[in-house]
Amino acid sequence: MSDTMLEIFQASRPKLFGIAYRMLGSVSEAEDLLQEAWLRFQATDHATVRSPEAFLTTIVTRLALDQLKSARMQREVYPGIWLPEPLATPDQQLGGDPLDDMLKLESVSLAFLHLLESLSPEERAVFLLREVFDYDYGMIARFLQKSEAACRQLFHRAKGHVAAHRPRFPATADEHQRVLGEFIQAVQSGDLNGLMALMAEDVASYADGGGKATAAMHPIYGRDAVTRFVHGLSRFLTPGYTVEVTPLNGWPSVVVRAASGELITAVALNVVEGKIQALHFIRNPDKLQRVIDSRG
């Protein structure tokens with residue numbers, strides 16, 4: 001094994017993982033994909049590679065495209081709602097530019113990844129590579145083996161769709177933290193009116209149990225319906241449960257543990273203009289395992 005090859009791969013790994021995770025919405029699948037990319041990188045004649053980073057990005061993008069096309073078929077028969085796997089982000093590193101930091105946080109949020117599911121695999125790839133990772137169309141065309149014109153068209157369609165469903169002014173970190181704290185207080189105290197005051201008129205709730213944990217099989221829409229649903233969840237909590245706040249996907253989120261310490265639910269809020277626009281409940285134990293592992 002060449003130390004230089006390993007150093008090149010490790011230096012590129014954060015960006016490669018960022019692409020794979022945003023493409024697939026799964027931590028475990030992204031990590032498996034990077035292992036496959038490393039094996040292919042090792043087997044390559046490096047004398048023929050002009051830019052190792054571009055070469056690795058090409059491998060990861062194409063592997064992710066192939067896997068996403070297969071995964072989309074599997075998700076069509078998934079029990080109930082499929083949601084992305086939460087990513088523990090305890091050491092979120094931001095660059096100090098408020099606008100750039102906000103874009104980075106939003107691009108890995110569960111709400112954003114959930115929205116990306118409505119794009120075709122190629123639209124998703126082009127949108128992420130251009131919008132989040134700032135590759136030019138010439139590079140993207142080489143990654144996808146398409147013309148620049150085709151990539152521009154894919155990006156235009158994807159950006160139009162995302163813009164139609166994406167808030168113009170996502171919450172600041174302070175605003176998100178405030179709403180999250182008020183949400184936890186209202187739920188734990190049984191304050192129905194306080195909970196309703198936090199909800200946007202067109203709020204939506206999504207829950208992923210994967211057929212392995214109790215969860216609503218369909219989305220719930222509207223302030224009244226979502227408020228009453230969340231308010232009624234306390235009936236299903238066993239005595240001795242605990243609620244913690246932990247960073248998931250770049251934002252403070254709620255994790256609920258049974259008295260035994262078992263993590264049973266992760267809840268991510270999407271806050272827009274001081275109101276909860278969406279709630280994402282992850283209850284599938286397979287998807288919670290990585291959150292558990294990240295805490296040691």
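A polar contact is a pair of N or O atoms within 3.5 Å; within protein, one must be able to donate a hydrogen and the other to accept it, and residues adjacent in sequence count only if both atoms are side-chain atoms. Thr 89 supplies an example: its side chain reaches the backbone nitrogen of Asn 249 at 3.5 Å. This is a predicted model, where local features need pLDDT of at least 70, side-chain atom pairs count only at pLDDT 80 or more, and totals for chains, interfaces and linings use all residues. Residues are numbered from 1 along each chain as its sequence is written, and side-chain values use heavy atoms, with hydrogens and water left out.

Stay with Thr 89. It sits in the loop between helix 3 (52-76) and helix 4 (98-107). Helices here are DSSP runs of H or I, at least four residues long, numbered from the N terminus. Which residues does Thr 89 contact, leaving aside its neighbours within four places in sequence? They are Pro 247, Leu 248, Asn 249 and Gly 250. Contact means heavy atoms within 4.5 Å.

Now turn to helix 2 (residues 27-42) and helix 3. Their axes come within 10 Å and cross at roughly 135°. Axes are lines fitted to C-alpha atoms, for helices over the stretch in contact, and angles run from 0 to 180 degrees between N-to-C directions. Helix 2 and helix 3 are therefore oblique to each other. Oblique covers the angles left over once those under 35 degrees (roughly parallel), over 145 (roughly antiparallel) and 65 to 115 (roughly perpendicular) are set aside. On the helix 2 side, the contact includes Leu 33, Leu 34 and Phe 41. Helix 3 brings residues including Phe 55, Ile 59 and Leu 63. By class, this contact has eleven nonpolar, one polar and four charged residues. Ala, Val, Leu, Ile, Met, Phe, Trp, Tyr, Cys and Pro count as nonpolar, Asp, Glu, Lys and Arg as charged, and the others, Gly among them, as polar.

Helix 2 also holds Trp 38. Trp 38 is buried, at a relative accessible area of 9%.

Tyr 137, Gly 138, Ile 140 and Ala 141 of helix 7 meet Glu 148, Cys 151, Arg 152 and Phe 155 of helix 8. Those residues divide into five nonpolar, one polar and two charged.

Methods:
Helix = DSSP H or I, 4+ residues; strand = E, 2+ residues; numbered from the N terminus. Buried < 20%, exposed > 50% of the residue type's maximum accessible area, 1.4 Å probe, protein only.
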